[in-house]
Amino acid sequence: MSLKFAKMHGLGNDFVVIDARTEPVLMTEALARAIADRKTGIGCDQLILIGTSDRADVGMRIFNQDGGEVEACGNATRCVPLFVGRDVSIETKAGLLRAGRSGDLVSVDMGEPRFGWDEIPLAYAMDTLAMPASWDDLPSPAAVNVGNPHIVFFLDDRAAVDMAKLGPLIEHDPLFPARVNVNFAQMLDTNHVGLTVWERGVGFTRACGTGACATAVAAIRRKLASGPVRVSLEGGDLLIDWAPGAHIMMTGPATHVFDGQIDLAELSL
Ligand SMILES: N[C@@H](CCC[C@H](N)C(=O)O)C(=O)O
């Protein structure tokens with residue numbers, strides 16, 4: 001059996017996008033992992049299935065490179081209007097989102113962030129704005145759920161931190177029963193943050209849309225920033241707007257690179 005796909009990305013966070021609106025696609029963890037494999041498959045950070053929905057224009061399912069299905073992906077959500085050809089409402093495991101073009105960029109209403117310890121989720125009750133938790137010499141982090149779980153460290157000097165060791169260690173810490181995306185942030189100026197993200201189920205990515213949202217929200221809650229926050233990632237910049245009680249608005253680029261077709265029989269499952 002062969003499958004048609006589009007290769008897309010948001011700031012270098014890359015996706016294989018499959019249209020399951022007319023022909024349903026039976027996606028499994030093993031198949032998602034095989035397609036995402038950069039040596040023996042197509043290669044991507046996330047596999048995205050666009051399907052039908054009773055509640056929105058389309059449904060979106062998200063699978064990490066390790067095959068695990070997750071709730072949210074900010075950069076992939078910006079790709080959906082390009083894939084569908086118009087502004088859309090999107091049903092995800094994290095709720096209903098709206099995405100639409102604004103000039104050359106795409107804006108997404110990412111919904112409201114959540115801060116309850118059991119909403120992150122964490123293994124036990126604690127303050128999520130200044131968590132009493134530490135790994136090596138990292139400062140106390142903030143935890144935010146923006147559809148998916150994030151932890152944010154604000155660092156004086158990101159270059160001095162061994163993120164390659166700490167990213168996987170924290171992702172798999174039993175404090176996070178659903179694992180966690182790990183954000184290493186550094187304030188560069190008022191309302192401007194530099195960010196490196198260790199993504200759950202992937203590792204380092206060039207950009208993480210939900211990571212940028214979680215970091216901007218945590219910066220505003222900690223009064224390190226106020227108003228629209230520019231988040232600079234390896235792949236480029238995102239603009240995140242949020243105020244307490246409001247929805248998060250994320251604006252940034254989305255790119256359709258090419259279309260292709262894959263013979264599933266040739267994959268290493
Ligand atoms: N790249 C994404 C986030 C993808 C999901 C994440 N790895 C998770 O497991 O929650 C983004 O742009 O938000």
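Two residues are in contact if their C-beta atoms, placed from the backbone, lie within 7 Å. The legends below describe a predicted model, in which local features need pLDDT of at least 70, side-chain atom pairs count only at pLDDT 80 or more, and totals for chains, interfaces and linings use all residues. Residues are numbered from 1 along each chain as its sequence is written.

**View 1. Surroundings of Asn148.** Asn148 lies in the loop between strand E9 (142–145) and strand E10 (149–154); strands (E, at least two residues) and helices (H or I, at least four) are DSSP runs, numbered from the N terminus. Leaving out residues up to four places away in sequence, Asn148 touches Val70, Glu71, Ala72, Ala94, Asn181 and Thr210. Asn148 counts as buried because it has 27 C-beta neighbours inside 10 Å, the criterion being 20 or more other C-beta atoms within 10 Å of its own, with C-beta atoms placed from the backbone.

**View 2. Surroundings of Glu199.** Glu199 belongs to strand E12 (residues 192–199). Glu199 is buried, since 27 other C-beta atoms lie within 10 Å. Apart from residues up to four places away in sequence, its contacts are Asn181, Thr205 and Cys208.

**View 3. Annotated positions.** The UniProt annotation "binding site", from an unreviewed entry, includes Asn13, Gln46, Asn64, Gly74, Asn181 and Glu199. UniProt positions are given in the numbering used here, feature names are shortened, and annotations may be inferred rather than shown by experiment.

Key. A residue is buried if 20 or more other C-beta atoms lie within 10 Å of its own, exposed if 12 or fewer, and partly exposed in between; C-beta atoms are placed from the backbone.
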